[in-house]
Amino acid sequence: MDIGNLLFNPNGRIGQKEFWIGVAIIFGGNLLLTWIPFLGTLIWLALLWVGVAVYGKRLHDAGNSAWLHAVPWGVSILLGVIGSIMLGGVFIAAMAGEGDVNMGALIAGGGMASVFFLLSTLVWVAYTIWVGVLKSDAGANAYGPAPVIDATAAPVEPAAPADARTDADLGESKD
């Protein structure tokens, strides 16, 4: 597996195993980058391209366009905007009192806004699982030849059924 091709080239196709490796790299990278203030944000922008490459190639493997990857982005952005507007409105309403902050409204509104942020995360989880389990097109499709399965693994031969074994297999002599 060519890791550079997996992470940076949006053309071609990849199988399920390579997809999940790519998702693990993206997830791990995002997790680590949250701890690096400015540089983490810049590298996160590069991970957006990595996501397009990994998800796009997996979508290609199932015969779908990589533009389908824009759907969860659009839903996620819409839910984020709705949640942010709700949160802003809650803060304005809570502070609008005569010096008193309405903590009940602040907590309730903040909780409702967080539901939209949670829905955004659930959209990505569901989308990732769906892309990861898509059935691959057999043979070549419009996006290229089928991904090559690791040929270095030795094939495993099944064991002979118990009733087909001979006396020599069992270590017994016919004397």
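**Close-up views of a predicted helical model**

**View 1. Ser 76 in helix α4.** Ser 76 is found in helix α4, residues 70–95 (helices are DSSP runs of H or I, at least four residues, numbered from the N terminus). The model is predicted: local features need pLDDT of at least 70 and side-chain atom pairs pLDDT 80 or more, whereas totals for chains, interfaces and linings use all residues. Residues are numbered from 1 along each chain as its sequence is written, and side-chain values use heavy atoms, without hydrogens and water. Ser 76 counts as buried because its relative accessibility is 14% (buried, under 20% relative accessible area; exposed, over 50%; partly exposed, in between; 1.4 Å probe, protein chains only). Leaving aside residues up to four places away in sequence, Ser 76 touches Ser 120 and Trp 124 (contact, heavy atoms within 4.5 Å).

View 2. Buried residues of α2 are Phe 19, Gly 22, Val 23, Ile 26, Gly 29 and Leu 33. Seen down the helix axis, they fall within an arc of 130° and so line one face (arc of the directions from the axis to the C-beta atoms). These buried residues pack against α1 (3–8), α3 (37–61) and α5 (103–133). Lys 17, Phe 27 and Leu 32 are exposed on the face turned away from the buried side.

**View 3. Aromatic pairs.** The structure holds seven aromatic pairs (ring centres of Phe, Tyr and Trp, its six-membered ring, within 6.5 Å; planes under 30 degrees apart stacked, over 60 edge-to-face, the rest tilted). Phe 19 and Trp 20 are edge-to-face, because their centres are 5.1 Å apart and their planes at 70°. Tyr 55 and Trp 124 are also edge-to-face, at 6.3 Å and 80°. Tyr 55 lies in α3 and Trp 124 in α5, so this pair ties together parts 69 residues apart in sequence.

How values were computed. Helix = DSSP H or I, 4+ residues; strand = E, 2+ residues; numbered from the N terminus.
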